[in-house]
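Dear colleague,

I am handing over a structure that you have not worked with before.

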Amino acid sequence: MLQHGPLLERLLAGDFICQVTDEDAFRRLSNEQTQQEINHYLRPLNRRLVANDDSSVFFLGFHELTKEAREQLSSQFALTVQSLLPLLEWLQLVQETMGRDSALTAGDTIKLQEFILRTEDNQSLRQRLNQLASDRFFNSQSEQLDNQIKLIFRRLKEHGYLLQPHHDRQYYIVTGKIDYLIDVIRFIRDEEHLPVDDTPTQEALI
């Protein structure tokens, strides 16, 4: 298992691995034999390799839902739910601002300056972005639109939803963690009946 050591460390640390974040690791995890080897190693730890519905991102789940596993999952789920509404609003804003017909998915590119320029020309979008930036998930203290947007994108990068390939170039690539997020939203909507689809736009988004 030495050849999988660094990859296992990343997974155990909570990384989400997709073709955008690490193409080589994603290709390895897509191999059935590698999956079996990793799951064999992880079983004593009560963990296993899982993927989202489209197999566009890999991460770790529990092998058996023990009491400890349920407690940890409940804690993680609570944190995810807290961030759902601001993330949903951001997804919706990007879709409207960039004139997209569908939700973001792994591999999509967002040019920061283009996003800022399009938002500046729309008072409604400016107001919504101001509200979004002040949400505790992003926690912006600035009143300047460009600073607010840059902070939002930086936070999303920190949380693994966006990748910035070059620090000196202001464009971002959507990672597979967005696909995972949308799957979580659909699960909550369908199974938990939480109000994540209060508006027609949000319902269409997911």
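This is a predicted model: local features need pLDDT of at least 70, side-chain atom pairs count only at pLDDT 80 or more; totals for chains, interfaces and linings use all residues.

Residues are numbered from 1 along each chain as its sequence is written, and side-chain values use heavy atoms, with hydrogens and water left out.

Helix α7 covers residues 145-158 and reaches 20 Å from its first C-alpha to its last, close to the 20 Å expected for its 14 residues at 1.5 Å a residue (helices are DSSP runs of H or I with at least four residues, strands are runs of E with at least two, and both are numbered from the N terminus; the expected span is 1.5 Å times one less than the number of residues). Its buried residues (under 20% relative accessible area, where over 50% is exposed and in between is partly exposed, with a 1.4 Å probe and protein chains only) are Leu145, Gln148, Ile149, Leu151, Ile152, Phe153 and Leu156. These buried residues pack against several elements, among them α4 (67-97), α5 (112-120) and β6 (171-174), contact here meaning heavy atoms within 4.5 Å. Just after α7, glycine 160 takes a positive phi of about 90°.

The axes of α6 and α7 come within 10 Å and cross at roughly 50° (axes are lines fitted to C-alpha atoms, for helices over the stretch in contact, with angles from 0 to 180 degrees between N-to-C directions). That makes α6 oblique to α7, since angles under 35 degrees count as roughly parallel, over 145 as roughly antiparallel, 65 to 115 as roughly perpendicular and the rest as oblique. In this contact, Arg126, Leu129, Asn130, Leu132 and Ala133 of α6 meet Leu145, Gln148, Ile149 and Ile152 of α7.

Most residues other than glycine have a negative phi. Asparagine 46, however, has a positive phi of about 60°; it lies in the loop between α3 (32-42) and β2 (47-51), and is buried, with a relative accessible area of 18%. Among the residues that asparagine 46 touches, not counting those up to four places away in sequence, are Phe62, His63 and Glu64. Asparagine 139, found in the loop between α6 and α7, also has a positive phi, near 55°, but at 43% relative accessibility asparagine 139 counts as partly exposed.
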